[in-house]
Amino acid sequence: MPRFNALDGTNGQTRVAIVAAGIVSPLGAGLEQTLMSLRNAADCVTAVTRFDVTNCRCKTSAQIPDKLLQHALPIGRNRARLHRASHMMITALDEMRRFDPEFDPELTVIGTTSGGMSFGEDYYRALYRHHDLRHSPEWIANYPPQKPVLDAQQAFGIGAPCFVIANACASGTNAIGHAFESVRSGRYERVLTGGYDAISELVFVGFDSLQAATPEKCRPFDRNRSGMVLGEGAAILALENLESARKRDAQILGEIIGYGISTDNHHLTQPDPSGSGPLRAMGRALQSARRSPMEVDYINAHGTATPLNDAAEGRAIAQLFGSVPVSSTKSMIGHSLGAAGAIEAIVCLLALKAQFLPPNINFEAPDPDLSLNIVANKSRQAKIDIVLSNSFGFGGTNASVLLQKLAA
């Protein structure tokens, strides 16, 4: 049941700890593999193998090898029927549970955009072509966006009520922000959060048709950037009232201290060129945390490598933060849509833990219109205490979250 606890911590508000995390992405399965790949500036973008892209401009994406999803959990006869997204969620939640087996969430908040989209594709293809529909019940049952979340919870005996947030590419960060505020308000003590998305042909072809995807390298903030590549993955974070976590001697990986959102209302797919939407979201995250821009040591940018997105975000970052180090790890793992904010929050968590700046690979030529301190091509060691993670989506949805290395 929700709790209405007395507030504590700095600024008269409950502090929110991250006590466990789990991830699977093209960088690998688990925090250790992910950290190693980030340090080594791994380029995980390869030729698409999951469906035919002969007629597409873009022919690459960042895919998770199936072998990383071969978990050995006792989920019964339904294993083969589950959507690939369910296996991603189960893999991520498995690692989170191994971090903290005692973590018992009162609420689950997950972001996604695609759900089990590829099963929807299978169903409509079979229907259109008058093929055998014997598999339609399992396609339909595993298509809804809540199904991978429920599958993962069932695999571990978790019965928490679940909220699914679908707000374009800000979904994962919105989910984390909502979970953060649920704990900080004192209404809940422990909340499970994160995001997931699996590559599907319909989404891939959609971005290709919009010419938002590039047939070249993904090079965020580069003068010659020409578009994004898609990725996939799942990431889970366990949030808990800091006082409660300390009482039970939980391992504390970091702390979430601020969250900000805004809406551009400028265009269906294009951000306001001035960067006003990202500027407001980042400013509100700082205000939420009662921190100044000068206290932020690193920004994991949304950085999709589309000309207009990077320009708007870059202007906002330069205006608010000056020369703070910036990188987009989408250069390595593509854009995983609803999972992106959750994956990148864990990237920030690893940066704080290992005291390094993740790289922005494929960076060759600075954009003369953007005054940014890009962490170009190689990771580097740095003393960092506070980091900002950005997620901005179609329709002008903007979200930013601030994390910090645990302070006394």
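Arg225 is buried because its relative accessibility is 10%, where buried stands for under 20% relative accessible area, exposed for over 50% and partly exposed for values in between, with a 1.4 Å probe and protein chains only. The model is a predicted one, in which local features need pLDDT of at least 70 and side-chain atom pairs count only at pLDDT 80 or more, while totals for chains, interfaces and linings use all residues. Residues are numbered from 1 along each chain as its sequence is written, and side-chain values use heavy atoms, with hydrogens and water left out.

Helices (H or I, at least four residues) and strands (E, at least two) are DSSP runs, numbered from the N terminus. Asp310 also counts as buried, because its relative accessibility is 0%.

In general, side chains of opposite charge can pair when their charged atoms come close. Across the whole structure, the search returns 18 salt bridges. One of them joins the side chains of Lys330 and Glu344, at 2.7 Å from N to O. Here too distant parts of the chain are linked, with Lys330 in helix H11 (residues 330–333) and Glu344 in helix H12 (residues 340–354), 14 residues apart. Lys330 and Glu344 are both buried.

A further salt bridge brings together the side chains of Glu189 and Arg190, again given from N to O, at 2.7 Å. Arg190 is part of strand E7 (residues 190–197). The side chains of Arg190 and Glu189 are also joined by a polar contact of 2.7 Å, that is, a pair of N or O atoms within 3.5 Å, where within protein one must be able to donate a hydrogen and the other to accept it, and residues adjacent in sequence count only if both atoms are side-chain atoms. Salt bridges also form a network, which links Arg50, Asp66, Arg84 and Glu232.

Attention now turns to helix packing. Two packed helices are described by the angle between their axes and the distance between the axes. H1 and H12 pack with their axes 10 Å apart and at an angle of about 80°; axes are lines fitted to C-alpha atoms, for helices over the stretch in contact, and angles run from 0 to 180 degrees between N-to-C directions. H1 is therefore roughly perpendicular to H12, given that angles under 35 degrees count as roughly parallel, over 145 as roughly antiparallel, 65 to 115 as roughly perpendicular and the rest as oblique. Leu31, Thr34, Leu35, Leu38 and Arg39 of H1 make the contact with Ile346, Val347, Leu350 and Ala354 of H12, contact being heavy atoms within 4.5 Å. By class, the residues of this contact are seven nonpolar, one polar and one charged; Ala, Val, Leu, Ile, Met, Phe, Trp, Tyr, Cys and Pro count as nonpolar, Asp, Glu, Lys and Arg as charged, and the others, Gly among them, as polar.

H12 also packs with helix H6 (residues 171–184), at an angle of about 65° and with axes 5 Å apart. H6 is therefore roughly perpendicular to H12. On the H6 side the contact uses Gly172, Thr173 and Ile176, and on the H12 side Gly341, Ala342 and Ala345. The residues of this contact comprise three nonpolar, three polar and no charged.

Asn40 sits in the loop between helix H1 (31–39) and strand E3 (45–47) and is exposed because its relative accessibility is 55%. Cys44 occupies the loop between H1 and E3, yet Cys44 is buried because its relative accessible area is 12%. Apart from neighbours within four places in sequence, Cys44 is in contact with Pro26, Leu27, Ser61, Ala62, Gln63, Met332 and Ile333.

Terms used
A salt bridge is a side-chain nitrogen of Lys or Arg within 4 Å of a carboxyl oxygen of Asp or Glu.
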